[in-house]
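Subject: Structure for your review

Dear colleague,

Please find below the structure that I am handing over to you. My findings follow directly after it.

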Amino acid sequence: MTVPRFQLHDPDLLRTLMRRTGDGTRTSVRDLAKVAGVHASHVGELLTGHQKTATGEVAAAISGRIGVDLLVLWTPAERTANAVEQEVSV
């Protein structure tokens, strides 16, 4: 089974939203990494543009901590129909 991946729209938008999340607080790279269950370098690489995608779980966790809907920050990196077909065939 292929894990769905999402592409970050804009690293600058993520950086801006980290300064003031949906609950009015600031969040850090380490905080996002902890919430998403990844190493801080993964989040750092998303912010620099060296890493452009993340798994659906990581993307959802980051969006949730920031306080925005998933599609505000992310775009599915594969066609939705392909992802659904893969899930159904398993």
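In what order do the three strands of the open sheet lie? The order is S2-S1-S3, and the pairing is antiparallel (two strands pair if DSSP finds at least two bridges between them). Strand S2 (53-55) and strand S3 (74-76) are the edge strands with a single partner each, so one side of each has no neighbour in the sheet. From one strand to the next, the twist averages 40°.

Please note that this is a predicted model, in which local features need pLDDT of at least 70 and side-chain atom pairs count only at pLDDT 80 or more, while totals for chains, interfaces and linings use all residues. Residues are numbered from 1 along each chain as its sequence is written, and side-chain values use heavy atoms, leaving out hydrogens and water. Helices (H or I, at least four residues) and strands (E, at least two) are DSSP runs, numbered from the N terminus.

Between S1 and S3 there are three antiparallel bridges, and tryptophan 74 in S3 is the bridge partner of leucine 8. Helix H4 lies across S1, S2 and S3 and runs at about 100° to S2 (axes are lines fitted to C-alpha atoms, for helices over the stretch in contact, and angles run from 0 to 180 degrees between N-to-C directions).

In helix H1 (residues 11-19), the buried residues are Leu14, Leu17 and Met18 (buried means under 20% relative accessible area, exposed over 50%, partly exposed in between, with a 1.4 Å probe and protein chains only). These residues line one face of the helix, because they fall within an arc of 105° seen down the axis of H1 (the arc is that of the directions from the helix axis to the C-beta atoms). They pack against strand S1 (5-8) and helices H2 (29-36), H3 (40-48), H4 (56-66) and H5 (70-73), where contact means heavy atoms within 4.5 Å.

The structure holds three salt bridges (a side-chain nitrogen of Lys or Arg within 4 Å of a carboxyl oxygen of Asp or Glu). One of them joins aspartate 12 and arginine 15 at 2.6 Å, N to O; the two are three residues apart in helix H1, about one helical turn. Arginine 65 meets aspartate 23 at 3.9 Å, N to O. This pair links helix H4 to the loop between H1 and H2, 42 residues apart. Aspartate 31 also forms a salt bridge with arginine 65, with the closest N and O atoms 2.7 Å apart.

Yours sincerely
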